[in-house]
Amino acid sequence: MDMVTGLEGYEPILVRWRDAETYGGPEWVESEDVNTYVKKEGPIMTTIGFLLYEVQGDSGHICMTDTYGDAETSAIHKIPNGMVLSRVGLIPQQFNGGITG
């Protein structure tokens, strides 16, 4: 998928993925804590945004952002395909030019 410009070019998606995590810091980790931590699964995260780029296959990844303009984006999330649990395309609603309230 090549990067394109314009709102209609980025597919809005919802991705559920298992995050990697690190436990501990500069201090030693007690063995009781190690035994508990290593058996616990990583957290499941949910990200909603616009698909910017993807590389398919087990060693590939997706890149997405939640906000973009003509010349910049907000933070880019790069999620390895092996961590993706599910991916759903979202159907954008037609923007009518304003919000009334």
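## Burial and His-61

A residue counts as buried when its relative accessible area is under 20%. His-61 has a relative accessible area of 18% and is therefore buried. This holds for a predicted model, not an experimental one. His-61 belongs to strand 3. Not counting residues up to four places away in sequence, His-61 touches Tyr-53, Glu-54 and Val-55, and also Lys-78, Ile-79, Pro-80 and Asn-81.

Across the protein chain, 20% of the 101 residues count as buried. The chain exposes about 7900 Å², and carbon and sulfur atoms supply 54% of that area.

## Fold and confidence

The protein chain has one helix and five strands. Read from the N terminus, the order of the elements is β-α-β-β-β-β. Among contacts between residues at least 6 apart in sequence, 59% join residues at least 24 apart.

The average pLDDT of the chain is 85, and 82% of the residues score at least 70. Among the elements, the highest mean pLDDT, 97, belongs to strand 4 (residues 77-80), and the lowest, 93, to helix 1. Over residues 2-7 the pLDDT stays under 50. For residues 2-7 the model has seven contacts beyond four places in sequence.

In soluble globular proteins, nonpolar side chains tend to be buried together. Here the largest nonpolar core has seven residues: Ile-13, Val-15, Trp-17, Leu-51, Ile-62, Met-64 and Ile-79. Two elements, strand 1 (11-18) and strand 3 (61-65), each give two or more residues to this core. The largest share, three residues, comes from strand 1. Apart from this core lies another, of five residues, including Tyr-10, Leu-52, Cys-63 and Tyr-68.

Leaving aside its neighbours within four places, Trp-17 is in contact with Pro-43, Ile-44, Met-45, Thr-46 and Thr-47, with Ile-79, and with Met-83, Val-84 and Leu-85.

## Salt bridges

Side chains of opposite charge can pair when their charged atoms come close. A search of the whole structure finds three salt bridges. One of them joins the side chains of Glu-11 and Arg-87, at 3.7 Å from N to O. Glu-11 is in strand 1 and Arg-87 in strand 5 (residues 84-89), so this pair ties together parts that are 76 residues apart in sequence. Arg-87 also meets Glu-54 in a salt bridge, at 2.8 Å from N to O. Because Arg-87 lies in strand 5 and Glu-54 in strand 2, this second pair ties together parts 33 residues apart in sequence.

Glu-11, at 34% relative accessibility, counts as partly exposed. Arg-87, at 35%, counts as partly exposed too.

The remaining salt bridge is between the side chains of Glu-41 and Arg-18, at 3.1 Å from N to O. Glu-41 sits in the loop between helix 1 (31-37) and strand 2 (44-55), and Arg-18 in strand 1. The pair links distant parts of the chain, 23 residues apart. Glu-41 has 58% relative accessibility and counts as exposed, whereas Arg-18 has 25% and counts as partly exposed.

## Nonpolar surface patch

Which residues form a nonpolar patch on the surface? They are Tyr-23, Val-29, Val-34 and Val-38, with about 330 Å² of accessible area together. Val-29 is placed in the loop between strand 1 and helix 1. With 33% relative accessibility, Val-29 counts as partly exposed.

Conventions. Residues are numbered from 1 along each chain as its sequence is written. This is a predicted model: local features need pLDDT of at least 70, side-chain atom pairs count only at pLDDT 80 or more; totals for chains, interfaces and linings use all residues. Side-chain values use heavy atoms; hydrogens and water are left out. A nonpolar core is a set of buried Ala, Val, Leu, Ile, Met, Phe, Trp, Tyr and Cys residues joined through side-chain atoms within 4.5 Å. Buried means under 20% relative accessible area, exposed over 50%, partly exposed in between (1.4 Å probe, protein chains only). Helices (H or I, at least four residues) and strands (E, at least two) are DSSP runs, numbered from the N terminus. Contact means heavy atoms within 4.5 Å. A salt bridge is a side-chain nitrogen of Lys or Arg within 4 Å of a carboxyl oxygen of Asp or Glu. pLDDT is the predictor's confidence in each residue, from 0 to 100. Patches are made of residues with over 30% relative accessible area and no salt bridge: like charges are joined within 9 Å, nonpolar side chains (Val, Leu, Ile, Met, Phe, Trp, Tyr) within 5 Å. Accessible areas come from the Shrake-Rupley method with a 1.4 Å probe; for residues, only the protein chains shown count as cover.
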